[in-house]
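Here is a short briefing on one protein chain. Look through the sequence and the model, then read on by topic.

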Amino acid sequence: MYKRQGFQRVALAGAGVFVVALIILFFSLPPSARGDREVNITPWWQTFRQPRFVVFMLAYSAYLFSYNQLYLALPVELKRSGSSEQDLGPLFMLASLLIICLQLPLARVARRIGVGLILPVGFLLLSLSFICVAAFAPLTPPEGWQRLLPAAGMVTLLTLGQMLVVPVGMDLVPRFARDRNLGAHYGALASMGGIAVLVGNFLLGGQLDRALTPSADAAIPWLLLAAFPFCSAIVMAVICRSIKQ
């Protein structure tokens, strides 16, 4: 009964956080411009006839795969550290609070700096989130709340990375679409992310068993996870440079 009430409280608190986010966004976001501009629609499959956009989709999909590890890999780290599933609630609350407090300011800063720097930095933060856990994975976890520090670092870096990647990444899509079938471009991008989550978790999910107990091999799955967004950071730096040209 106690566990059920604890879960209900965390769930209601999480829902309350997003209600607050809704109110803040409703009064903070500028009104959308309206117009009668003609929309040119081309077949959806032509989005895959743009080599640069296909490369962009593949690189960008590492974001969704990485962020999905909050639900697949994070519980593994909690088990390694001797924590319980009840600690997931506060960690998810941490992610929600970071988004509410920092998303709009970070989005403004990211757009001011530009995609050429922000996208690679965002993906590097995603990579560092896994390296943060990899550094502690071989060690015997400490007693008390300190055992949650690697998990909290992972959640914080993942959340900061996605808050940088998503706004500027979404802003890049119209440049590829050039006002033609913009919805299909966004749909293709989301679909590629879903495929990356499915394939990536299928290929690497079994590796996470090695990270369940502290050992020399426990860092390997985390380093494999870090490799994907790290490669995306390099690809994004090249793509953004070519777009400017």
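Start with the second largest pocket: α1 (2-28) and α5 (88-113) each supply at least two residues of its lining. The model is predicted. The chain has 9 helices and 0 strands.

**Second largest pocket**
- The volume of this pocket is about 350 Å³.
- Its lining counts 14 residues, and those closest to the centre are L25, L29, I99, Q103 and L104.
- Helix α5 gives the most to the lining, with 8 residues.
- By class, the lining holds 10 nonpolar, 2 polar and 2 charged residues.

**Overall fold**
- Read from the N terminus, the order of elements is α-α-α-α-α-α-α-α-α.
- The chain has 245 residues, and 40% of them count as buried.

**Salt bridges**
- How many salt bridges does the structure hold? There are 3.
- E77 and R80 form one through their side chains, at 2.8 Å from N to O.
- Both E77 and R80 sit in helix α4 (residues 74-80). They are 3 residues apart, about one turn of the helix.
- Are E77 and R80 buried or exposed? E77 is buried, and R80 is buried too.
- D87 pairs with R147 in a salt bridge, and their closest N and O atoms are 3.9 Å apart.
- Why does D87 count as buried? Its relative accessibility is 15%, and the cut-off for buried is under 20%.
- R147 counts as partly exposed because its relative accessibility is 23%.
- The side chains of R111 and D171 also meet in a salt bridge, at 2.6 Å from N to O.
- Here too the pair links distant parts of the chain: R111 is in helix α5 and D171 is in helix α7, 60 residues apart.
- R111 has a relative accessible area of 48%, so R111 is partly exposed.
- D171 has a relative accessible area of 35%, so D171 is partly exposed as well.

**Nonpolar surface patch**
- Which residues make the nonpolar surface patch of about 570 Å²? They are I195, L198, V199, F202 and L203.
- F202 belongs to helix α8 (residues 182-204).
- F202 counts as exposed because its relative accessibility is 69%, and the cut-off for exposed is over 50%.

**A contact across the sequence**
- I131 is placed in helix α6.
- The relative accessibility of I131 is 36%, so I131 counts as partly exposed.
- How far apart are I131 and L225 in sequence and in space, C-alpha to C-alpha? They are 94 residues apart in sequence and 8.6 Å apart in space.

Methods: Residues are numbered from 1 along each chain as its sequence is written. This is a predicted model: local features need pLDDT of at least 70, side-chain atom pairs count only at pLDDT 80 or more; totals for chains, interfaces and linings use all residues. Side-chain values use heavy atoms; hydrogens and water are left out. On a 1 Å grid over the protein atoms alone, a cavity is a set of points where a 1.4 Å probe fits but cannot get out, and a pocket is an open set with protein on both sides within 12 Å along at least five of seven lines; lining residues have an atom within 4 Å of a point. Grid points are joined across faces, edges and corners, and a volume is the space filled by probe spheres set on the points. Helices (H or I, at least four residues) and strands (E, at least two) are DSSP runs, numbered from the N terminus. Ala, Val, Leu, Ile, Met, Phe, Trp, Tyr, Cys and Pro count as nonpolar, Asp, Glu, Lys and Arg as charged, and the others, Gly among them, as polar. Patches are made of residues with over 30% relative accessible area and no salt bridge: like charges are joined within 9 Å, nonpolar side chains (Val, Leu, Ile, Met, Phe, Trp, Tyr) within 5 Å. Accessible areas come from the Shrake-Rupley method with a 1.4 Å probe; for residues, only the protein chains shown count as cover. A salt bridge is a side-chain nitrogen of Lys or Arg within 4 Å of a carboxyl oxygen of Asp or Glu. Buried means under 20% relative accessible area, exposed over 50%, partly exposed in between (1.4 Å probe, protein chains only).
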